[in-house]
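Thanks for coming. Today I will go through some aromatic rings and one surface patch. Please look at the structure first.

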Amino acid sequence: MAHVELSISDPHLARSPDPAESSLDRWAATVADAAEPSLVIDDKAVIVAVSASFEDLLGLTESAIDRPLVDGVLQFLDFGDGGALDSSEINKTPPLLALSSGRLARGLVRVRCATGPRTFDAIATPLLQDGQVVGSLTFFSTV
């Protein structure tokens, strides 16, 4: 019979966040060093951080930081006709839906990349500070 032991760490021994550092700043620092294709946007949908693998995935040649997510960096495409996604549908994409709903969001997105259109599975979570949504963190996986 297999034997499994679990240990639960004392939450009081965990690193206490620097009160001067915001949740958005902490996640931005994490994503900037992440191996996974990911990005952080603020509550105005401006990109705060991207991982190098995300830049490579999209074929970005200039920095995405401090640029608007929609039309500034990502151009979402309609799955049907391949044209630009309607603005009402753009708000339903995971990074923006996580912002507006304050909940986890997941879905397929089609994006114009340097090498042509690509489809990604995107999963986004809202980032909170004092109970308020201050941004979202999104991970992308090629489909």
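Is Phe120 buried or exposed? Phe120 counts as buried, because its relative accessibility is 1% and buried means under 20% relative accessible area, exposed over 50%, and partly exposed in between, with a 1.4 Å probe and protein chains only.

A word on the source: this is a predicted model, where local features need pLDDT of at least 70, side-chain atom pairs count only at pLDDT 80 or more, and totals for chains, interfaces and linings use all residues. Residues are numbered from 1 along each chain as its sequence is written, and side-chain values use heavy atoms, leaving out hydrogens and water.

Now the rings. Rings of Phe, Tyr and Trp (its six-membered ring) pair if their centres lie within 6.5 Å; planes under 30 degrees apart are stacked, over 60 edge-to-face, and the rest tilted. That rule gives two aromatic pairs. Phe54 and Phe140 are a tilted pair, because their centres are 5.1 Å apart and their planes stand at 40 degrees. This pair links distant parts of the chain, with Phe54 in helix H2 (residues 52–58) and Phe140 in strand E6 (residues 132–142), 86 residues apart. Helices (H or I, at least four residues) and strands (E, at least two) are DSSP runs, numbered from the N terminus. Both Phe54 and Phe140 are buried.

Phe120 and Phe140 pair edge-to-face, at 6.2 Å between centres and 85 degrees between planes. Here Phe120 sits in strand E5 (residues 116–129), 20 residues from Phe140. Phe140 has a relative accessible area of 6%. To close, Phe54, Phe120 and Phe140 form one aromatic cluster.
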